[in-house]
Amino acid sequence: MFKEKYDVVVIGAGPAGSSAAYEAAKRGLKVLLIEKRAEVGSPIRCAEGVGKEGLEDLGIKPKSEWIANEVKGARIYAPSGDYITLEASMAGSEVGYVLHRDKFDQYLAKMAVDAGSELYTRAMAIGLKREDSEIVVRIRHFGNLYEVRTPIVIGADGFESLVGEWAGIRTRLDPKDINVTFEYRITGAKFDPDYTEFYIGNEVAPGGYVWIFPKSEKEANVGIGVLLSRVDSEKKRPKYLLDKFLKEHPKYRGKIIAVISGAVSVSKPLEPSYTDNVMLVGDAARMIDPLTGGGIIHAIISGRAAGETAAKAIEKGDYSKRSLKEYEARWKPKIYEKLLRNYLAKEIFVKVSDDVFNKIVDALKDYDFSRINTYELLKAIGEKYPEVVEELSQYL
Ligand SMILES: Cc1cc2nc3c(=O)[nH]c(=O)nc-3n(C[C@H](O)[C@H](O)[C@H](O)COP(=O)(O)OP(=O)(O)OC[C@H]3O[C@@H](n4cnc5c(N)ncnc54)[C@H](O)[C@@H]3O)c2cc1C
(Lines give C-alpha, C1' and ligand atoms only; values in the text may rest on other atoms or scores of the structure.)
Protein backbone atom coordinates (compact mmCIF):
# COMPACT_ATOMS: atom_id res chain seq x y z
CA MET A 1 0.00 0.00 0.00
CA PHE A 2 0.91 3.67 0.08
CA LYS A 3 4.07 4.57 1.95
CA GLU A 4 3.83 7.24 4.64
CA LYS A 5 6.12 9.60 2.78
CA TYR A 6 7.21 10.35 -0.79
CA ASP A 7 9.55 12.92 -2.34
CA VAL A 8 6.81 13.87 -4.81
CA VAL A 9 3.11 13.10 -5.11
CA VAL A 10 1.71 13.56 -8.63
CA ILE A 11 -2.08 13.88 -8.78
CA GLY A 12 -3.51 12.69 -12.11
CA ALA A 13 -1.97 10.27 -14.63
CA GLY A 14 -2.71 12.08 -17.92
CA PRO A 15 0.18 13.08 -20.19
CA ALA A 16 1.24 15.88 -17.82
CA GLY A 17 1.26 13.77 -14.64
CA SER A 18 2.96 10.74 -16.17
CA SER A 19 5.64 12.94 -17.75
CA ALA A 20 6.28 14.69 -14.43
CA ALA A 21 6.45 11.36 -12.57
CA TYR A 22 8.82 9.92 -15.18
CA GLU A 23 11.26 12.84 -14.97
CA ALA A 24 11.25 12.86 -11.18
CA ALA A 25 11.58 9.08 -10.79
CA LYS A 26 14.34 8.95 -13.41
CA ARG A 27 16.32 11.29 -11.18
CA GLY A 28 16.00 8.91 -8.24
CA LEU A 29 13.05 10.53 -6.43
CA LYS A 30 10.46 8.45 -4.57
CA VAL A 31 7.35 9.25 -6.62
CA LEU A 32 3.69 8.45 -6.01
CA LEU A 33 1.42 8.87 -9.06
CA ILE A 34 -2.30 8.61 -8.32
CA GLU A 35 -5.15 8.39 -10.81
CA LYS A 36 -8.82 8.51 -9.86
CA ARG A 37 -10.00 6.49 -12.84
CA ALA A 38 -9.85 2.67 -12.89
CA GLU A 39 -7.63 2.63 -15.96
CA VAL A 40 -5.17 5.27 -17.14
CA GLY A 41 -6.42 7.05 -20.28
CA SER A 42 -9.88 5.52 -20.24
CA PRO A 43 -12.58 6.52 -21.04
CA ILE A 44 -11.06 8.74 -23.74
CA ARG A 45 -11.99 12.43 -23.61
CA CYS A 46 -10.15 13.76 -26.63
CA ALA A 47 -10.30 14.23 -30.40
CA GLU A 48 -6.95 12.38 -30.35
CA GLY A 49 -5.06 14.64 -32.76
CA VAL A 50 -1.41 15.46 -32.21
CA GLY A 51 1.22 17.22 -34.31
CA LYS A 52 4.16 15.19 -35.60
CA GLU A 53 6.69 17.93 -34.97
CA GLY A 54 5.49 18.36 -31.42
CA LEU A 55 6.16 14.71 -30.65
CA GLU A 56 9.45 14.79 -32.53
CA ASP A 57 10.65 17.83 -30.57
CA LEU A 58 9.87 15.93 -27.37
CA GLY A 59 11.91 12.95 -28.62
CA ILE A 60 8.84 10.68 -28.52
CA LYS A 61 9.11 8.14 -31.33
CA PRO A 62 5.76 7.21 -32.90
CA LYS A 63 4.62 3.68 -31.97
CA SER A 64 2.09 1.64 -33.92
CA GLU A 65 0.39 0.62 -30.66
CA TRP A 66 -0.85 4.19 -30.11
CA ILE A 67 -1.09 5.66 -33.62
CA ALA A 68 -4.37 5.04 -35.39
CA ASN A 69 -3.77 7.17 -38.47
CA GLU A 70 -1.38 9.65 -40.02
CA VAL A 71 -2.80 12.61 -41.92
CA LYS A 72 -1.27 14.83 -44.59
CA GLY A 73 -2.92 18.02 -43.46
CA ALA A 74 -6.08 19.90 -42.59
CA ARG A 75 -9.00 21.35 -44.50
CA ILE A 76 -10.67 24.39 -43.02
CA TYR A 77 -14.20 25.04 -44.24
CA ALA A 78 -15.85 28.46 -44.24
CA PRO A 79 -19.64 28.72 -43.77
CA SER A 80 -19.90 29.12 -47.58
CA GLY A 81 -18.50 25.60 -48.09
CA ASP A 82 -15.24 26.88 -49.60
CA TYR A 83 -12.16 25.52 -47.92
CA ILE A 84 -8.43 25.99 -47.59
CA THR A 85 -5.94 23.16 -47.27
CA LEU A 86 -2.98 23.32 -44.94
CA GLU A 87 -0.03 20.93 -44.74
CA ALA A 88 0.20 19.15 -41.38
CA SER A 89 3.22 21.23 -40.30
CA MET A 90 1.20 24.46 -40.83
CA ALA A 91 -1.97 23.29 -39.16
CA GLY A 92 -1.15 23.55 -35.46
CA SER A 93 -0.35 21.14 -32.67
CA GLU A 94 -3.34 18.83 -33.23
CA VAL A 95 -2.73 17.83 -36.85
CA GLY A 96 -0.36 15.03 -37.87
CA TYR A 97 -1.36 11.82 -36.14
CA VAL A 98 -4.69 10.61 -34.83
CA LEU A 99 -3.90 8.63 -31.70
CA HIS A 100 -5.37 5.79 -29.74
CA ARG A 101 -5.32 8.23 -26.84
CA ASP A 102 -5.93 5.60 -24.14
CA LYS A 103 -2.92 3.60 -25.36
CA PHE A 104 -0.82 6.76 -25.61
CA ASP A 105 -1.56 7.79 -22.03
CA GLN A 106 -0.85 4.22 -20.87
CA TYR A 107 2.48 4.28 -22.73
CA LEU A 108 3.53 7.44 -20.85
CA ALA A 109 2.30 6.04 -17.53
CA LYS A 110 4.27 2.85 -18.10
CA MET A 111 7.41 4.92 -18.70
CA ALA A 112 6.82 6.58 -15.33
CA VAL A 113 6.35 3.19 -13.64
CA ASP A 114 9.39 1.66 -15.37
CA ALA A 115 11.43 4.62 -14.10
CA GLY A 116 10.37 3.71 -10.54
CA SER A 117 7.14 5.64 -9.83
CA GLU A 118 4.43 3.90 -7.82
CA LEU A 119 1.14 4.18 -9.72
CA TYR A 120 -2.23 3.59 -8.12
CA THR A 121 -5.45 3.81 -10.10
CA ARG A 122 -8.87 4.27 -8.43
CA ALA A 123 -6.90 6.55 -6.11
CA MET A 124 -8.45 9.99 -5.86
CA ALA A 125 -6.90 12.96 -4.08
CA ILE A 126 -9.61 14.59 -1.96
CA GLY A 127 -7.68 17.36 -0.24
CA LEU A 128 -4.35 18.77 0.88
CA LYS A 129 -3.20 20.29 4.14
CA ARG A 130 0.06 21.99 4.98
CA GLU A 131 1.97 20.65 7.99
CA ASP A 132 5.49 21.71 9.04
CA SER A 133 6.41 23.04 5.58
CA GLU A 134 5.25 19.81 3.96
CA ILE A 135 1.96 18.69 2.44
CA VAL A 136 -0.34 15.93 3.58
CA VAL A 137 -2.35 14.54 0.66
CA ARG A 138 -5.65 12.87 1.50
CA ILE A 139 -6.46 9.99 -0.84
CA ARG A 140 -9.56 7.85 -1.28
CA HIS A 141 -8.77 4.38 -2.61
CA PHE A 142 -11.45 1.69 -2.86
CA GLY A 143 -13.54 3.40 -0.21
CA ASN A 144 -10.69 3.77 2.30
CA LEU A 145 -9.04 7.04 3.29
CA TYR A 146 -5.26 7.41 3.41
CA GLU A 147 -2.86 10.23 4.16
CA VAL A 148 0.59 10.54 2.62
CA ARG A 149 3.17 13.18 3.35
CA THR A 150 5.37 14.91 0.79
CA PRO A 151 7.35 18.12 0.35
CA ILE A 152 6.17 18.46 -3.30
CA VAL A 153 2.78 18.00 -4.92
CA ILE A 154 2.40 18.19 -8.70
CA GLY A 155 -1.20 18.98 -9.63
CA ALA A 156 -1.82 17.20 -12.97
CA ASP A 157 -5.54 16.82 -12.43
CA GLY A 158 -6.70 18.24 -15.76
CA PHE A 159 -9.30 20.82 -16.73
CA GLU A 160 -11.44 20.30 -13.60
CA SER A 161 -8.37 20.69 -11.36
CA LEU A 162 -8.92 21.21 -7.66
CA VAL A 163 -5.30 20.93 -6.54
CA GLY A 164 -4.62 24.58 -7.41
CA GLU A 165 -7.57 25.87 -5.39
CA TRP A 166 -6.64 23.59 -2.46
CA ALA A 167 -3.15 25.12 -2.53
CA GLY A 168 -4.43 28.68 -2.75
CA ILE A 169 -3.88 29.28 -6.49
CA ARG A 170 -6.93 30.77 -8.19
CA THR A 171 -7.67 28.57 -11.20
CA ARG A 172 -11.27 29.54 -11.97
CA LEU A 173 -12.05 30.58 -15.53
CA ASP A 174 -14.28 33.15 -17.13
CA PRO A 175 -17.04 31.62 -19.36
CA LYS A 176 -15.54 33.50 -22.32
CA ASP A 177 -12.35 31.49 -21.78
CA ILE A 178 -13.98 28.05 -21.77
CA ASN A 179 -15.01 25.93 -24.75
CA VAL A 180 -17.58 23.27 -23.97
CA THR A 181 -17.22 20.22 -26.15
CA PHE A 182 -19.26 17.29 -27.39
CA GLU A 183 -17.99 14.49 -29.58
CA TYR A 184 -19.15 11.28 -31.23
CA ARG A 185 -16.90 8.44 -32.32
CA ILE A 186 -18.55 7.46 -35.59
CA THR A 187 -17.96 4.29 -37.55
CA GLY A 188 -19.40 3.00 -40.81
CA ALA A 189 -19.25 6.33 -42.70
CA LYS A 190 -16.75 7.23 -45.41
CA PHE A 191 -14.06 9.59 -44.13
CA ASP A 192 -11.02 10.97 -45.94
CA PRO A 193 -8.20 9.39 -43.90
CA ASP A 194 -5.65 11.88 -45.27
CA TYR A 195 -7.20 15.04 -43.86
CA THR A 196 -8.36 16.38 -40.57
CA GLU A 197 -11.33 18.66 -41.25
CA PHE A 198 -12.49 21.78 -39.44
CA TYR A 199 -15.71 23.74 -39.96
CA ILE A 200 -15.85 27.31 -38.68
CA GLY A 201 -18.68 29.84 -38.49
CA ASN A 202 -21.01 31.42 -35.97
CA GLU A 203 -23.96 29.25 -36.98
CA VAL A 204 -21.91 26.04 -37.02
CA ALA A 205 -20.01 26.50 -33.76
CA PRO A 206 -20.19 29.93 -32.04
CA GLY A 207 -16.68 30.81 -30.85
CA GLY A 208 -15.32 27.38 -31.76
CA TYR A 209 -15.40 24.83 -34.52
CA VAL A 210 -16.53 21.37 -35.61
CA TRP A 211 -13.75 18.81 -36.13
CA ILE A 212 -13.54 15.54 -38.01
CA PHE A 213 -10.42 13.58 -37.01
CA PRO A 214 -10.27 10.34 -39.02
CA LYS A 215 -8.96 7.25 -37.26
CA SER A 216 -9.38 5.28 -40.51
CA GLU A 217 -11.45 5.45 -43.69
CA LYS A 218 -14.46 4.25 -41.73
CA GLU A 219 -14.02 5.74 -38.28
CA ALA A 220 -13.57 9.27 -36.98
CA ASN A 221 -13.98 11.52 -33.98
CA VAL A 222 -16.59 14.08 -34.97
CA GLY A 223 -16.91 16.80 -32.37
CA ILE A 224 -17.67 20.40 -31.59
CA GLY A 225 -16.39 23.09 -29.25
CA VAL A 226 -18.53 26.13 -28.43
CA LEU A 227 -17.57 29.14 -26.33
CA LEU A 228 -19.43 28.78 -23.02
CA SER A 229 -20.34 32.49 -22.97
CA ARG A 230 -22.23 31.95 -26.27
CA VAL A 231 -24.36 29.07 -24.97
CA ASP A 232 -27.42 31.19 -24.19
CA SER A 233 -30.17 28.82 -25.38
CA GLU A 234 -30.91 25.13 -25.97
CA LYS A 235 -30.09 25.63 -29.65
CA LYS A 236 -26.55 26.78 -28.85
CA ARG A 237 -25.71 23.68 -26.83
CA PRO A 238 -22.86 21.67 -28.33
CA LYS A 239 -24.92 18.46 -28.68
CA TYR A 240 -27.76 20.29 -30.44
CA LEU A 241 -25.32 21.99 -32.82
CA LEU A 242 -23.37 18.81 -33.56
CA ASP A 243 -26.56 16.88 -34.33
CA LYS A 244 -27.65 19.72 -36.61
CA PHE A 245 -24.25 19.69 -38.33
CA LEU A 246 -24.51 15.94 -38.95
CA LYS A 247 -28.01 16.35 -40.39
CA GLU A 248 -26.65 18.98 -42.78
CA HIS A 249 -23.55 16.88 -43.64
CA PRO A 250 -24.92 13.35 -44.11
CA LYS A 251 -21.60 12.11 -45.52
CA TYR A 252 -20.22 12.03 -41.95
CA ARG A 253 -23.15 10.08 -40.55
CA GLY A 254 -22.68 6.49 -39.41
CA LYS A 255 -23.01 4.44 -36.25
CA ILE A 256 -22.16 6.20 -33.01
CA ILE A 257 -19.93 3.97 -30.90
CA ALA A 258 -18.90 6.48 -28.20
CA VAL A 259 -20.11 9.79 -26.82
CA ILE A 260 -17.67 12.16 -25.19
CA SER A 261 -18.27 15.47 -23.46
CA GLY A 262 -15.86 17.77 -21.69
CA ALA A 263 -14.37 21.23 -21.76
CA VAL A 264 -11.13 22.97 -22.58
CA SER A 265 -9.73 26.27 -21.43
CA VAL A 266 -9.17 28.88 -24.14
CA SER A 267 -7.56 31.29 -21.72
CA LYS A 268 -4.11 32.66 -21.06
CA PRO A 269 -1.91 30.21 -19.15
CA LEU A 270 -2.15 30.37 -15.39
CA GLU A 271 0.32 32.69 -13.66
CA PRO A 272 1.84 31.85 -11.32
CA SER A 273 1.60 28.12 -11.99
CA TYR A 274 3.23 27.25 -8.65
CA THR A 275 3.24 28.16 -4.99
CA ASP A 276 5.00 26.81 -1.87
CA ASN A 277 5.29 23.00 -2.27
CA VAL A 278 2.96 22.85 -5.29
CA MET A 279 3.28 23.05 -9.08
CA LEU A 280 0.38 22.83 -11.56
CA VAL A 281 0.94 21.24 -14.96
CA GLY A 282 -0.94 20.73 -18.24
CA ASP A 283 -4.65 21.54 -18.32
CA ALA A 284 -4.61 22.24 -14.57
CA ALA A 285 -2.34 25.21 -15.40
CA ARG A 286 -4.50 26.20 -18.42
CA MET A 287 -1.83 25.35 -20.95
CA ILE A 288 -4.19 24.42 -23.76
CA ASP A 289 -3.66 26.28 -27.02
CA PRO A 290 -6.54 28.83 -26.91
CA LEU A 291 -6.90 28.84 -30.69
CA THR A 292 -6.85 25.12 -31.49
CA GLY A 293 -7.84 23.51 -28.16
CA GLY A 294 -4.80 21.20 -28.35
CA GLY A 295 -3.08 20.50 -25.05
CA ILE A 296 -1.30 17.13 -25.19
CA ILE A 297 2.13 18.45 -26.20
CA HIS A 298 1.99 21.33 -23.72
CA ALA A 299 0.97 18.92 -20.96
CA ILE A 300 4.08 16.84 -21.61
CA ILE A 301 6.36 19.89 -21.80
CA SER A 302 5.09 21.31 -18.51
CA GLY A 303 5.02 17.88 -16.83
CA ARG A 304 8.65 17.33 -17.70
CA ALA A 305 9.56 20.81 -16.45
CA ALA A 306 7.83 20.14 -13.12
CA GLY A 307 9.51 16.74 -12.68
CA GLU A 308 12.94 18.27 -13.33
CA THR A 309 12.23 21.17 -10.98
CA ALA A 310 11.07 18.77 -8.26
CA ALA A 311 14.37 16.88 -8.49
CA LYS A 312 16.34 20.13 -8.13
CA ALA A 313 14.22 21.26 -5.18
CA ILE A 314 14.72 17.94 -3.37
CA GLU A 315 18.47 18.19 -3.97
CA LYS A 316 18.50 21.71 -2.46
CA GLY A 317 16.04 20.78 0.31
CA ASP A 318 14.05 23.92 -0.57
CA TYR A 319 10.40 23.51 -1.62
CA SER A 320 9.40 27.12 -1.21
CA LYS A 321 7.81 29.30 -3.87
CA ARG A 322 11.22 30.87 -4.42
CA SER A 323 12.78 27.53 -5.26
CA LEU A 324 9.88 26.29 -7.43
CA LYS A 325 10.00 29.48 -9.50
CA GLU A 326 12.46 27.53 -11.63
CA TYR A 327 9.45 25.57 -12.95
CA GLU A 328 8.23 28.60 -14.89
CA ALA A 329 11.73 29.31 -16.13
CA ARG A 330 11.65 25.81 -17.64
CA TRP A 331 8.22 25.78 -19.35
CA LYS A 332 7.78 29.43 -20.29
CA PRO A 333 10.53 29.74 -22.94
CA LYS A 334 9.03 26.74 -24.73
CA ILE A 335 5.33 27.66 -24.96
CA TYR A 336 4.42 30.92 -23.21
CA GLU A 337 4.77 33.24 -26.19
CA LYS A 338 2.74 30.92 -28.43
CA LEU A 339 -0.02 30.60 -25.81
CA LEU A 340 -0.29 34.38 -25.43
CA ARG A 341 -0.20 34.99 -29.17
CA ASN A 342 -2.88 32.38 -29.80
CA TYR A 343 -4.98 33.81 -26.97
CA LEU A 344 -4.98 37.14 -28.83
CA ALA A 345 -5.75 35.33 -32.09
CA LYS A 346 -8.68 33.57 -30.40
CA GLU A 347 -9.99 36.90 -29.10
CA ILE A 348 -10.07 38.07 -32.74
CA PHE A 349 -11.44 34.77 -34.09
CA VAL A 350 -14.49 34.85 -31.81
CA LYS A 351 -15.46 38.31 -33.10
CA VAL A 352 -15.25 37.54 -36.81
CA SER A 353 -18.56 37.41 -38.71
CA ASP A 354 -19.48 34.58 -41.09
CA ASP A 355 -19.28 37.00 -44.00
CA VAL A 356 -15.67 37.78 -43.10
CA PHE A 357 -14.83 34.06 -42.65
CA ASN A 358 -16.22 33.44 -46.14
CA LYS A 359 -14.19 36.27 -47.64
CA ILE A 360 -10.97 35.18 -45.91
CA VAL A 361 -11.30 31.60 -47.13
CA ASP A 362 -12.31 32.76 -50.60
CA ALA A 363 -9.24 35.01 -50.80
CA LEU A 364 -6.91 32.27 -49.58
CA LYS A 365 -8.30 29.14 -51.17
CA ASP A 366 -5.75 29.12 -54.01
CA TYR A 367 -2.92 30.42 -51.83
CA ASP A 368 0.42 28.63 -51.48
CA PHE A 369 0.63 27.94 -47.77
CA SER A 370 4.21 26.74 -47.91
CA ARG A 371 5.27 30.39 -47.71
CA ILE A 372 2.78 31.56 -45.15
CA ASN A 373 3.37 34.55 -42.91
CA THR A 374 0.95 37.05 -41.44
CA TYR A 375 1.96 39.88 -43.76
CA GLU A 376 1.51 37.79 -46.90
CA LEU A 377 -1.78 36.45 -45.63
CA LEU A 378 -3.16 39.92 -45.00
CA LYS A 379 -1.82 41.04 -48.38
CA ALA A 380 -3.60 38.18 -50.15
CA ILE A 381 -6.86 38.97 -48.34
CA GLY A 382 -6.42 42.74 -48.88
CA GLU A 383 -5.99 42.35 -52.62
CA LYS A 384 -9.46 40.82 -52.89
CA TYR A 385 -11.26 42.22 -49.86
CA PRO A 386 -9.58 45.41 -48.53
CA GLU A 387 -12.55 45.99 -46.18
CA VAL A 388 -11.83 42.68 -44.41
CA VAL A 389 -8.25 43.69 -43.64
CA GLU A 390 -9.58 47.00 -42.34
CA GLU A 391 -12.03 45.18 -40.07
CA LEU A 392 -9.38 42.75 -38.83
CA SER A 393 -6.92 45.54 -38.16
CA GLN A 394 -9.44 47.08 -35.72
CA TYR A 395 -9.07 43.97 -33.56
CA LEU A 396 -5.34 43.70 -34.14
C1 LIG B 1 -13.32 16.83 -26.26
C2 LIG B 1 -11.86 17.15 -26.17
C3 LIG B 1 -11.06 16.99 -27.30
C4 LIG B 1 -9.69 17.26 -27.23
N5 LIG B 1 -8.93 17.04 -28.33
C6 LIG B 1 -7.60 17.26 -28.29
C7 LIG B 1 -6.77 16.95 -29.42
O8 LIG B 1 -7.24 16.46 -30.44
N9 LIG B 1 -5.45 17.21 -29.31
C10 LIG B 1 -4.89 17.74 -28.20
O11 LIG B 1 -3.66 17.99 -28.18
N12 LIG B 1 -5.64 18.04 -27.12
C13 LIG B 1 -6.98 17.78 -27.13
N14 LIG B 1 -7.74 18.03 -26.02
C15 LIG B 1 -7.07 18.53 -24.81
C16 LIG B 1 -6.26 17.41 -24.17
O17 LIG B 1 -7.10 16.30 -23.95
C18 LIG B 1 -5.65 17.91 -22.86
O19 LIG B 1 -4.95 19.09 -23.10
C20 LIG B 1 -4.70 16.89 -22.25
O21 LIG B 1 -5.37 15.71 -21.90
C22 LIG B 1 -4.05 17.50 -21.00
O23 LIG B 1 -3.34 16.54 -20.27
P24 LIG B 1 -3.30 16.62 -18.69
O25 LIG B 1 -2.43 15.50 -18.27
O26 LIG B 1 -3.01 17.99 -18.25
O27 LIG B 1 -4.81 16.36 -18.22
P28 LIG B 1 -5.73 15.08 -18.41
O29 LIG B 1 -5.35 14.32 -19.61
O30 LIG B 1 -7.13 15.58 -18.31
O31 LIG B 1 -5.40 14.19 -17.16
C32 LIG B 1 -5.80 14.52 -15.86
C33 LIG B 1 -5.94 13.24 -15.08
O34 LIG B 1 -6.12 13.54 -13.70
C35 LIG B 1 -7.07 12.64 -13.17
N36 LIG B 1 -7.62 13.27 -11.95
C37 LIG B 1 -8.41 14.37 -11.88
N38 LIG B 1 -8.66 14.67 -10.60
C39 LIG B 1 -8.02 13.76 -9.85
C40 LIG B 1 -7.91 13.54 -8.45
N41 LIG B 1 -8.52 14.35 -7.57
N42 LIG B 1 -7.18 12.49 -8.01
C43 LIG B 1 -6.57 11.65 -8.90
N44 LIG B 1 -6.65 11.81 -10.22
C45 LIG B 1 -7.35 12.86 -10.71
C46 LIG B 1 -8.07 12.47 -14.30
O47 LIG B 1 -8.84 11.31 -14.13
C48 LIG B 1 -7.15 12.42 -15.51
O49 LIG B 1 -6.74 11.12 -15.82
C50 LIG B 1 -9.11 17.75 -26.03
C51 LIG B 1 -9.91 17.93 -24.90
C52 LIG B 1 -11.26 17.63 -24.96
C53 LIG B 1 -12.11 17.80 -23.73
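Author: Two strands pair if DSSP finds at least two bridges between them. The model is a predicted one. In it, strand β1 (residues 8-11) and strand β2 (residues 31-34) run parallel and are joined by four bridges. Four bridges meet the requirement of at least two, so β1 and β2 count as paired. Isoleucine 11 has isoleucine 34 in β2 opposite to it.

Reader: Why is α1 called roughly parallel to α3?

Author: Helix α1 (residues 15-26) packs against helix α3 (residues 101-114) at an angle of about 20 degrees, and the axes are 8 Å apart. Angles under 35 degrees count as roughly parallel, and that makes α1 roughly parallel to α3. The crossing of α1 past α3 is left-handed.

Reader: Which residues of α1 and α3 meet?

Author: From α1 they are Pro15, Ser18, Ser19, Ala21, Tyr22 and Ala25; from α3 they are Asp105, Leu108, Ala109, Met111 and Ala112. By class, the contact has eight nonpolar residues, two polar and one charged. Asp counts as charged, so Asp105 is the charged one.

Reader: What makes β3 and β4 edge strands?

Author: They belong to an open sheet of three strands in the order β3-β7-β4, with antiparallel pairing. β3 and β4 (67-70) each pair on one side only. From one strand to the next, the twist averages 30 degrees.

Reader: How do you know that β4 and β7 pair?

Author: β4 and strand β7 (residues 96-99) share three bridges in the antiparallel sense. The requirement is at least two bridges, so β4 and β7 count as a pair. Asparagine 69 stands opposite valine 98 in β7.

Reader: How many bridges join β10 to β9, and how many join β10 to β11?

Author: Eight bridges join β9 to strand β10 (residues 134-141), and these strands run antiparallel. Seven bridges link β10 to strand β11 (residues 144-150), also in the antiparallel sense. Arginine 138 in β10 is the bridge partner of glycine 127, and arginine 138 stands opposite glutamate 147 in β11.

Reader: Which residues in the two hairpins take a positive phi?

Author: In the hairpin of β9 and β10, with two residues between the strands, aspartate 132 has a positive phi near 50 degrees. The hairpin of β10 and β11 also has two residues between its strands, and phenylalanine 142 in its turn has a positive phi of about 50 degrees.

Reader: How many residues surround the ligand, and which are the closest?

Author: The ligand is surrounded by 39 residues, the closest being Gly12, Gly14, Gly158, Gly282 and Gly295. Elements giving two or more residues to this shell include α1, β9 (123-131) and α6. The shell divides into 17 nonpolar, 13 polar and nine charged residues.

Notes
Residues are numbered from 1 along each chain as its sequence is written. This is a predicted model: local features need pLDDT of at least 70, side-chain atom pairs count only at pLDDT 80 or more; totals for chains, interfaces and linings use all residues. Axes are lines fitted to C-alpha atoms, for helices over the stretch in contact, and angles run from 0 to 180 degrees between N-to-C directions. Angles under 35 degrees count as roughly parallel, over 145 as roughly antiparallel, 65 to 115 as roughly perpendicular and the rest as oblique. A crossing is left-handed if the near helix is turned anticlockwise from the far one by less than a right angle, and right-handed if clockwise. Two residues are in contact if their C-beta atoms, placed from the backbone, lie within 7 Å. A residue is near a molecule or strand if its C-beta atom, placed from the backbone, lies within 6 Å of it.
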